[in-house]
Amino acid sequence: MKSGNTSLRRRLFPVAALLLLFSAAAQAGTVSGTVHNGTNSNKVAPGVDILLIQLQGGMSVVASTKTDANGQYHLDNPGIGQGPMLIRAVYRGVFFHQPLTPGTTTVDVTVYEPTTNPSAIQVPLRLLVFQPNGDKLMVGEEYSIQNNSNPPAAYFKQDGNFEFTIPQGAEIDQVSTFCPSGMPVRQGTIDKGKGRYAISYAFQPGQNGVRISYIVPYTGNQATIHESSTYDAQRALLVIPPTMQIASAGFNAAGTEQGFNVFSKESMKAGNGFDVTISGTAPPPADASAPADGSQDQANGHESAPETTIETAPARLGDEKWILLGGLAAIFAVGVALLVRQPVPEVVSAPAAPVAPKGRKAQQRAAQAQAKAAVVAAPPPQAPVEKIKQEVNSNLDSLKDTLLRLELRRQAGTITEEEYALERGRAEQVLRDLVQG
């Protein structure tokens, strides 16, 4: 067991180094990588434009190049290592991204052939979160978008390939998307009129998402709003703070998640709108984690749609609203938790008990046969070291993701130094626990 612990500690050293890299300013450096075409059997993609994007102070291109005949690229820039940046590959007019974090020197990017076929995407989950703030009600919607196209392709349309409608009297706030890498970025909207909007975004193979926030009047701490259904959704969820009340036909209580009450409805069909009645009060969320400077606007999808149809995100409506919006970013984690939760396995009926054979010798032979069958059917017990390795690998993946998101929030200025130190201290404690275990 001692050798197993030694092996596990060796596997933890890269994570410890990652913590050190995040805590110290990295030297300016270089980045290189390979671009593959995920539609074309993951072959290398030559001649693809590669842009290095600085996230701080607004999204600006600070370096560019093209992939060579082997699909490889190389970039030098003083900003590399000083903060999180973005690698953008432009293929057939569509943007594909990968984050470049301090300490990283190799970033590979996968591009896909674009498709305009709407059947490339499905909506497994639609989530609506309601949060009051005085005489206003903030509504956050999240659509989980699954792209299972075969062969894999990126669903994209220049004039808008994801449409949505906000309730009458609502004021749209902002729209953001995330791709399979999980990095959320704000998007411009195309105004279709009468509360209808669209975004132009490349939905890559795998799990993507669209997040929409808007404000509706909340006079007398109550409101009834009509929600439209643009897409078929396998499941719809309504989420409210525990001090509020909600009612909507077809939705049933589905327990709680992270302290919020959840209501669920299976199979939401496109074109079938529904009314939601909300009442009550709740304290505003305290976690202002959403970017306020718009530095990540349009980091994914496409930016060159006609200016006559593209509208930028609306200006701020006041600090109070942005604090509320930041809290909604944390509440959206409810939907993520519900989406990734493993389904409850079906209960398998036990086989019927065999009829006991008559006769003493027959019973003995039957008992021996059952014993042999049990030995054959029983899976070998998992070695303790292997089990520990699996658990550590899972924790390491989670720890790396936590560190990445924490550093991005710090660089974007959406987390205080005290909060950063607290969260990083927790990550370090997890690392110490893993090493000692």
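This is a predicted model: local features need pLDDT of at least 70, side-chain atom pairs count only at pLDDT 80 or more; totals for chains, interfaces and linings use all residues.
Residues are numbered from 1 along each chain as its sequence is written, and side-chain values use heavy atoms, with hydrogens and water left out.

Now to the sheet. Eight strands form an open sheet with mixed pairing, in the order E15-E14-E18-E11-E10-E20-E23-E22; strands here are DSSP runs of E with at least two residues, numbered from the N terminus, and two of them pair if DSSP finds at least two bridges between them. Strand E15 (184-187) and E22 stand at the edges, each with a single partner strand, so one side of each has no neighbour in the sheet. From one strand to the next the twist averages 25°, with axes taken as lines fitted to C-alpha atoms and angles running from 0 to 180 degrees between N-to-C directions.

Within this sheet, strand E10 (residues 121-133) and strand E20 (residues 233-240) pair in the parallel sense over five bridges, and Val123 stands opposite Ala233 in E20. By contrast, strand E22 (residues 252-257) and strand E23 (residues 260-268) pair in the antiparallel sense over four bridges, with Asn252 opposite Ser264 in E23. E22 and E23 form a hairpin with two residues between them, and Gln258 in the turn has a positive phi of about 55°.

Let me turn to the aromatic rings. Rings of Phe, Tyr and Trp (its six-membered ring) pair if their centres lie within 6.5 Å, and planes under 30 degrees apart count as stacked, over 60 as edge-to-face and the rest as tilted; by this rule the count comes to eight aromatic pairs. The rings of Tyr143 and Phe162 have their centres 5.2 Å apart and their planes at 75°, so this pair is edge-to-face. Tyr143 belongs to strand E11 (residues 136-147) and Phe162 to strand E13 (residues 162-165), 19 residues apart, and both are buried, meaning under 20% relative accessible area with a 1.4 Å probe and protein chains only. Tyr155 and Phe203, in turn, form a stacked pair, 6.4 Å centre to centre with 25° between the planes, and both of these residues are buried. Finally, ring pairs link Tyr143, Tyr155, Phe162, Tyr201, Phe203 and Tyr231 into a cluster.

Note on methods. Buried means under 20% relative accessible area, exposed over 50%, partly exposed in between (1.4 Å probe, protein chains only).
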